[in-house]
Amino acid sequence: MDIPINEHLESLKVYEQQHFVAAQNIINAYGDTAYYLDVLAIAVIKRSLALVSGFCNLIEARNFTCAAPLIRLQIDNCLRFYAASLVNNPHQFARKIMEGTPVRRLRDTNNRPLTDAYLIEKLSERHPELRDLYEEMSGYIHLSDKHILSMTTETQDNPKTISFRIASLDIHLDDSVYINAIHAFRSATDILLDYLQQWVFAKANPHIIEQLRNRS
């Protein structure tokens, strides 16, 4: 039995509470001590929470054209917060971002610039499925073949005749398209929440992190 779109969406909406829990854990970790990376983490959580809400609303409205780019934006959240784990000083990294420095102008421990291409390459080492998802969803950011193919179809009686679907909503798309999009968004959100939890652990256990660094 196929699960309807609204049930898939409900499984995504529960992630909203996980964002609040993550924020509270970050704030409370290590005796409420505050770091620059905390500020970046809370900003990422706020942005992700807004994306979850917006994505769900757009899927419910059958507006795939606007929903799809939000998956790419959620991947962007993953890339930029993950970048903090690649630098010598994560707090200085966060501070630079707060001051307006683009992430692509910052460098990792190997002096590599933190471009999107480099970050997706590194993150895909741990999450191989993310590379294809990143490339596919990037096609929805700028006008591309994705938008052209979604509005055209060949007529059944004459394959050489093209029909155009011009409407604000994408009600012609199969449910599977929306369900796959929900799964993709959940996958990106899972990765983001995992890295936020890693920061909670690192902040709450600095002695363990120091021991691991010394062993390295």
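## The loop between helix 3 and helix 4

In this predicted model, N63 is placed in the loop that runs between helix 3 and helix 4. With a relative accessibility of 12%, N63 counts as buried, and its side chain reaches the backbone nitrogen of C66 at a distance of 3.2 Å.

R62 belongs to the loop between helix 3 and helix 4 as well, and its phi is near 65°, a positive value in a residue other than glycine. Most residues other than glycine have a negative phi. The side chain of R62 can be followed to Y178, where R62 lies over the face of the ring at 4.7 Å from the ring centre. A61 is also found in this loop, but with a relative accessible area of 35% A61 is partly exposed. Although A61 and L169 are separated by 108 residues in sequence, their C-alpha atoms are 7.4 Å apart in space.

## The chain as a whole

The protein chain contains ten helices and two strands, and from the N terminus on these elements follow the order α-α-α-α-α-α-α-α-β-β-α-α. Of its 216 residues, 39% count as buried.

## Aromatic pairs

How many aromatic pairs does a search of the whole structure find? The search finds five. In one of them, the rings of F55 and F185 have centres 4.4 Å apart and planes at 15°, so this pair is stacked, given that planes under 30 degrees apart count as such. F55 lies in helix 3 (residues 36-60) and F185 in helix 9 (residues 175-204), and the pair therefore ties together parts of the chain that are 130 residues apart in sequence. F55 is buried, with a relative accessible area of 0%, and F185 is likewise buried at 0%.

F64 and Y140 form an aromatic pair that is edge-to-face, with 5.6 Å from centre to centre and 85° between the planes. Because F64 lies in helix 4 (residues 64-82) and Y140 in the loop between helix 7 (129-138) and helix 8 (145-151), this pair ties together parts that are 76 residues apart in sequence. F64 counts as buried at 8% relative accessibility, and Y140 counts as buried at 13%. Together with Y178, F64 and Y140 form one aromatic cluster; Y178 is the residue whose ring face has R62 lying over it.

## The largest nonpolar core

Which residues have the most contacts inside the largest nonpolar core? This core has 60 residues, and those with the most contacts inside it are F55, I71, F81, F93 and L114. The elements that give two or more residues to the core are helix 1 (5-13), helix 2 (15-32), helix 3, helix 4, helix 5 (90-98), helix 6 (116-126), helix 7 and helix 9. Helix 9 provides the largest share, 14 residues.

Leaving aside its neighbours within four places in sequence, F55 is in contact with L12, A67, L70, I71, A181, I182 and F185. I71, in this list of contacts, is itself among the residues with the most contacts inside the core.

## Helix 5 and its ends

Within helix 5, the residues P90, F93 and A94 are buried. Seen down the axis of the helix, the buried residues fall within an arc of 95°, and they therefore line one face of helix 5. The cover over these buried residues includes helix 3 and helix 4.

At the N-terminal end, helix 5 is capped by N89, a side-chain oxygen of which lies 3.1 Å from the backbone nitrogen of H91. Helix 5 is followed by G100, whose phi is positive, near 105°.

Y30 is found in helix 2, and its phi is near 55°, a positive value in a residue other than glycine. Is Y30 buried or partly exposed? At 43% relative accessibility, Y30 counts as partly exposed. R62, in the loop between helix 3 and helix 4, is another residue other than glycine with a positive phi.

Conventions:
Residues are numbered from 1 along each chain as its sequence is written. This is a predicted model: local features need pLDDT of at least 70, side-chain atom pairs count only at pLDDT 80 or more; totals for chains, interfaces and linings use all residues. Side-chain values use heavy atoms; hydrogens and water are left out. Rings of Phe, Tyr and Trp (its six-membered ring) pair if their centres lie within 6.5 Å; planes under 30 degrees apart count as stacked, over 60 as edge-to-face and the rest as tilted. Helices (H or I, at least four residues) and strands (E, at least two) are DSSP runs, numbered from the N terminus. Buried means under 20% relative accessible area, exposed over 50%, partly exposed in between (1.4 Å probe, protein chains only). A charge sits over a ring if NZ of Lys or CZ of Arg is within 6 Å of the ring centre and within 35 degrees of the ring normal. A nonpolar core is a set of buried Ala, Val, Leu, Ile, Met, Phe, Trp, Tyr and Cys residues joined through side-chain atoms within 4.5 Å. Contact means heavy atoms within 4.5 Å. The arc is that of the directions from the helix axis to the C-beta atoms. A polar contact is a pair of N or O atoms within 3.5 Å; within protein, one must be able to donate a hydrogen and the other to accept it, and residues adjacent in sequence count only if both atoms are side-chain atoms.
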